[in-house]
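Me: I would like to go through a protein structure step by step. Could you show it to me, please?

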Amino acid sequence: MASPMRSLLTDLSRYVRCFHVFLAKSTEHQTMKQFVEQQLPGLLASTGSGKSAFNILSVGGGAGEIDLQIISAVQASYPGVAINNEVIEPSADQILKYKERVAATSNLDNVKFTWHEETANEYESRMKAEKKSQKWDFIHMIQMLYYVKDIPAIIRYFHSLLAAQAKLLIILVSDDLCTYVSSANIKGILDSVGLKYKVYELPSHMDITCCFTEGDNDGELLLDFLTETYEFSKTAPPELKHQVLEELRKPGCSENRNGKVIFNNSMSVIMIEP
């Protein structure tokens, strides 16, 4: 009898292994870096004007690869300004990798880092218990809203922490994909509460061919990541596994290129005003 299915987030070490396979097979980080380098400085042009310090809150910062790109963009926009970068990240392993990345990176003398090993909800609960309400110049939530139970509430909370002229950035998969919470859901939430925002599309794709090879280790980890399920191949009922694999092959999700199954994991950047 198969083990019961459970969330991938119940095993953070496996989640990190899945995420590394995802990054290796996907163009996601390259696409994000291009956006951060080419477009983000312009979007933050007025955010830190006249300030002696720039406060950044990274919600779900992972191992810090994109965070350090963001910090570099802020440094370029506001040379010499002190940067306070606080990170909310539930995985101790990811925080360790983040700290190692910081230690190996030059030009961070003007940046103070603080890490909080907790989820976004745990951070909110702790801040409210401690009656703290620090304001931030830039808050970013990159590919993390899939793991939040009450998305409208978490968006409202972090939006309430924005300083004047500040921005809240959300990146997640685009409207037309077959898994996850999508940008369409988020735009609906923002419209319902009357928040102003702009959307920028980031094309990205991922080779998921290995998912269709029985027993392929990378394929099993990638399926875990795509379904957010721990050991999906081993615990899912056969009919559900078949259904998911069929869904992933459909034209709305993937295309066949030279015998490879290329999944469309294009993303939307949603920039929300205070």
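Predicted model: local features only at pLDDT ≥ 70, side-chain atom pairs only at ≥ 80, totals over all residues.

Me: Let us start with helices. At what angle do α1 and α9 pack?

Reply: Helix α1 (residues 12-25) and helix α9 (residues 217-227) pack at about 105 degrees, and their axes are 8 Å apart. That makes α1 roughly perpendicular to α9. Angles of 65 to 115 degrees count as roughly perpendicular, under 35 as roughly parallel, over 145 as roughly antiparallel, and the rest as oblique. The axes are lines fitted to C-alpha atoms, for helices over the stretch in contact, with angles from 0 to 180 degrees between N-to-C directions. Helices (H or I, at least four residues) and strands (E, at least two) are DSSP runs, numbered from the N terminus.

Me: Which residues of α1 and α9 meet?

Reply: On the α1 side they are R14, Y15, R17, C18, F19, V21, F22 and K25, and they meet N217, D218, E220, L221, L222, D224 and F225 in α9. By class, this contact of α1 with α9 has eight nonpolar, one polar and six charged residues. Ala, Val, Leu, Ile, Met, Phe, Trp, Tyr, Cys and Pro count as nonpolar, Asp, Glu, Lys and Arg as charged, and the others, Gly among them, as polar. Contact means heavy atoms within 4.5 Å.

Me: New topic. How many salt bridges does the structure hold?

Reply: The structure holds 14 salt bridges, where a salt bridge is a side-chain nitrogen of Lys or Arg within 4 Å of a carboxyl oxygen of Asp or Glu. One of them joins D137 and K51, whose closest N and O atoms are 2.3 Å apart.

Me: Why does that pair tie together parts that are 86 residues apart in sequence?

Reply: D137 lies in strand β4 (residues 136-142), while K51 is in the loop between α3 (40-43) and β1 (53-59), so the pair ties together parts that are 86 residues apart in sequence.

Me: Which residue forms a salt bridge with D207?

Reply: The partner of D207 is K260, with 3.7 Å between the closest N and O atoms. D207 is in strand β7 (residues 205-207) and K260 in strand β9 (residues 260-264), so this pair ties together parts that are 53 residues apart in sequence. D207 is buried, with a relative accessible area of 18%, and K260 is partly exposed, with 42%.

Me: E220 came up in the helix contact. Which salt bridge does E220 form?

Reply: E220 forms a salt bridge with K234, the closest N and O atoms being 3.1 Å apart. This pair links distant parts of the chain, with E220 in helix α9 and K234 in helix α10 (residues 232-235), 14 residues apart. E220 counts as buried, at 15% relative accessibility.

Me: Now the cysteines. How many disulfides are there?

Reply: The structure holds zero disulfides, a disulfide being a pair of cysteine sulfur atoms within 2.5 Å. C210 is in none, and its nearest cysteine sulfur, that of C211, is 4.8 Å away. C210 is buried at 11% relative accessible area, and C211 is buried at 6%.

Me: Finally, where does V87 lie, and what is in contact with V87?

Reply: V87 lies in strand β2 (residues 82-88) and is buried, with a relative accessible area of 1%. Leaving aside neighbours within four places in sequence, V87 is in contact with S58, G61, D67, Y98, T114, W115 and H116. V87 and S58 are 29 residues apart in sequence, and their C-alpha atoms are 4.7 Å apart in space.

Me: What about A166?

Reply: A166 lies in strand β5 (residues 162-173) and is buried, with a relative accessible area of 0%. Its contacts beyond four places in sequence include D137 and E273.

Definitions and conventions. Residues numbered from 1 in each chain as written. Heavy atoms only, no water. Buried < 20%, exposed > 50% of the residue type's maximum accessible area, 1.4 Å probe, protein only.
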